[in-house]
Amino acid sequence: MKLFEMYDAPVQGYQDVSNDGSKYRYGYTRKTKLTLKQLRKLRKMLDVRNYEHNKNLKKVRKQYTPVAAEGPAL
């Protein structure tokens, strides 16, 4: 999580609050098997994360590429 994500409003479509699987009851310590729906959701999240990372890398590369010389330097 990035710092600005803590203070900005959440982006629509990134988190489904009604389907929050992190709430467990007291004393419930058994691990559950992942369903196909959960696996697909994790895969989509990973794809989005990789896409955003590549997009950020392109932006950083553009910022730090050296400026091409237009003519011979004297």
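The protein chain exposes about 8500 Å², and carbon and sulfur atoms supply 57% of that. Areas here are Shrake-Rupley values with a 1.4 Å probe; for residues, only the protein chains shown count as cover.

A word on the source. This is a predicted model: local features need pLDDT of at least 70, side-chain atom pairs count only at pLDDT 80 or more, and totals for chains, interfaces and linings use all residues. Residues are numbered from 1 along each chain as its sequence is written, and side-chain values use heavy atoms, leaving out hydrogens and water.

Of 74 residues, 0% count as buried, meaning under 20% relative accessible area; exposed is over 50%, partly exposed in between.

Now the patch. L34, L36, L39, L42 and M45 form a nonpolar surface patch of about 480 Å² accessible area together. Patch residues have over 30% relative accessible area and no salt bridge; nonpolar side chains (Val, Leu, Ile, Met, Phe, Trp, Tyr) are joined within 5 Å, like charges within 9 Å. L36 sits in helix α2, residues 36-64.

Last, the structure holds 1 salt bridge: a Lys or Arg side-chain nitrogen within 4 Å of an Asp or Glu carboxyl oxygen. D47 pairs with R43, closest N and O atoms 3.7 Å apart.

Methods:
Helices (H or I, at least four residues) and strands (E, at least two) are DSSP runs, numbered from the N terminus. Buried means under 20% relative accessible area, exposed over 50%, partly exposed in between (1.4 Å probe, protein chains only).
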